[in-house]
Amino acid sequence: MPLKTKIMKFINSQLIVAVVTAFFAVGTANAQEIIKDSVKTKPQTKTAQKVKVDGIIATVGDYIILDSDIDKSFLELSSQGQSVKDITRCQMLGKLLEEKLYAHQAIQDSIVIKDEEVKEKMNEQIAYMVEQLSSMENVIKYFKKDSEEDFRSELFEIIKTNKLTTEMRNKIINAVEITPEETRNFFKSIPQDELPVFGAEMEVAQIVITPKITEEEKQRVINRLKEIKAEVLAGSSFKTRAVIYSDDRGSASNGGFYKINRKTQFVKEFKDVAFSLGEGEISEPFETEYGYHIIMVEKIKGQEVELRHILMMPKVSDQALKEAREKIITIKNKIESGEITFAEAARTMSDEKETRANGGTLINPKTQDTHFELTKMDPSLYSEVSNLKDNAITAPILDDDPRTGKKYKIITVTNRINEHTADYGKDYIKIKDLALKEKQIKAIGKWSDEKIKETYIKINGEYQDCLFINNWLKK
């Protein structure tokens, strides 16, 4: 099979998994619900109107798939704006079979999904649904359930199964590594006329000036966090106060909850405090680049810590904003006059430590290199740089970052790369990623072949005529 075809199949399968996963995560019918298999009616004729009876169409280990699950998968794909015209019912069943095989094998491999984790996720999703539909009653009606208890019970099982599927698949993929030699051999094996074409890209650098916070404002925040700590020690709910007061938009709605270990990508100061506390202990206010925090540790499980935190970001005064803008205009004028280069200015004057050492050069979070493909660039960044001429610098941009607050920045394009056929030297990171994906495809294929042979699988009725990529029918 040609490289492009294999890679596109992998990407398309990933898309279906992602969308179907989202579908199951918002509360469709539970594929584990035990319903007796129905006797299938004969195919509908032009003159007869017959109602299609829902029933079990496939079994994988302890899991079942209903005919209606395929219909709902198509419906959800369509609701996500995805085209379903080229996806057959057999192909959709194949994806559902894969998911159930992952979930079944996860249990065999003793992958544990804790009920507390599932409940946490379930409560998040229910809160979102209630927000969207105005009330729990409307949610129950929307999903055609008899009671809130039925809805919660079913959603719990859906989320748990979905997490088992994800964990099992990640276990397979994460074990796959690629060496430089394998990457080189992969590239050499691609026929010249099948080499991938990479779109136009650019490299971008920025200088950031953060407004100065007054000592009075810092102390105000510290004092408020101390008051909250005292309230919690007196019996108030830390979780509720995190919902009300925390400036961490990523965790506030969840009561400031995080589960971390030593390798979790949190700033050092945060982890140092988290791992210094005992269960039930609350820290004193401490500072990170994001603001001031207090942490309460709920549970310590081996190398993992379950905690809640409250972040408060000191407010920036109008005067501080004005001074930051004036400073970045001065820097821009010095660069444009030739007094200093953009890279030198970034290294000596930028307040953004992540980019400062690299002369302000941004790292693409998706690829971890410095190249940004124009068609995949973040819309806000694209709007800022798409019309910049060579060596030009943007006007000062006020950036209100939800994580770090307001700051001014200027941006320039340091390199433009035209659309081109893959080059091993220039595009090593992308080629390595393609090589890794191909190796992952093979690993998943090998794993699936082995597990299908040793797992009880039954496909019923007309679906026995499907031509699957995997040997689900064990022929």
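Begin by selecting strand S4 (residues 201-209) together with strand S11 (residues 405-417) in this predicted model; the two strands run antiparallel and are joined by nine bridges. To see one of these pairings, pick out Glu 203, whose bridge partner in S11 is Asn 415.

Next, select helix H3 (residues 89-108) and helix H6 (residues 148-174), and turn the view until you can see their axes, which come within 8 Å and cross at roughly 85 degrees. An angle from 65 to 115 degrees counts as roughly perpendicular, and so H3 is described as roughly perpendicular to H6. Show the side chains where the helices meet: the contact includes Tyr 102 and Ala 106 from H3, and Leu 164 and Met 168 from H6. Sorted by class, the contact of H3 with H6 has seven nonpolar, three polar and two charged residues.

Now select Ile 70, Leu 93, Leu 97, Phe 151 and Trp 472, the residues with the most contacts inside the largest nonpolar core, which has 44 residues. Centre the view on Trp 472 and look for the residues that it touches, among them Gly 94, Leu 101, Ile 452 and Ile 459. Apart from this core lies another, of 15 residues, which you can find by selecting Ala 205, Ile 209, Ile 331 and Tyr 408, all among its members.

Note on methods:
Residues numbered from 1 in each chain as written. Predicted model: local features only at pLDDT ≥ 70, side-chain atom pairs only at ≥ 80, totals over all residues. Heavy atoms only, no water. Axes fitted to C-alpha atoms, helices over the stretch in contact; angles between N-to-C directions. Helix = DSSP H or I, 4+ residues; strand = E, 2+ residues; numbered from the N terminus. Parallel < 35°, antiparallel > 145°, perpendicular 65-115°, else oblique. Contact = heavy atoms within 4.5 Å. Nonpolar A, V, L, I, M, F, W, Y, C, P; charged D, E, K, R; others polar. Pairing = 2+ DSSP bridges. Core = buried A, V, L, I, M, F, W, Y, C linked by side-chain atoms within 4.5 Å. Buried < 20%, exposed > 50% of the residue type's maximum accessible area, 1.4 Å probe, protein only. Lists of a residue's contacts leave out its neighbours within four places in sequence.
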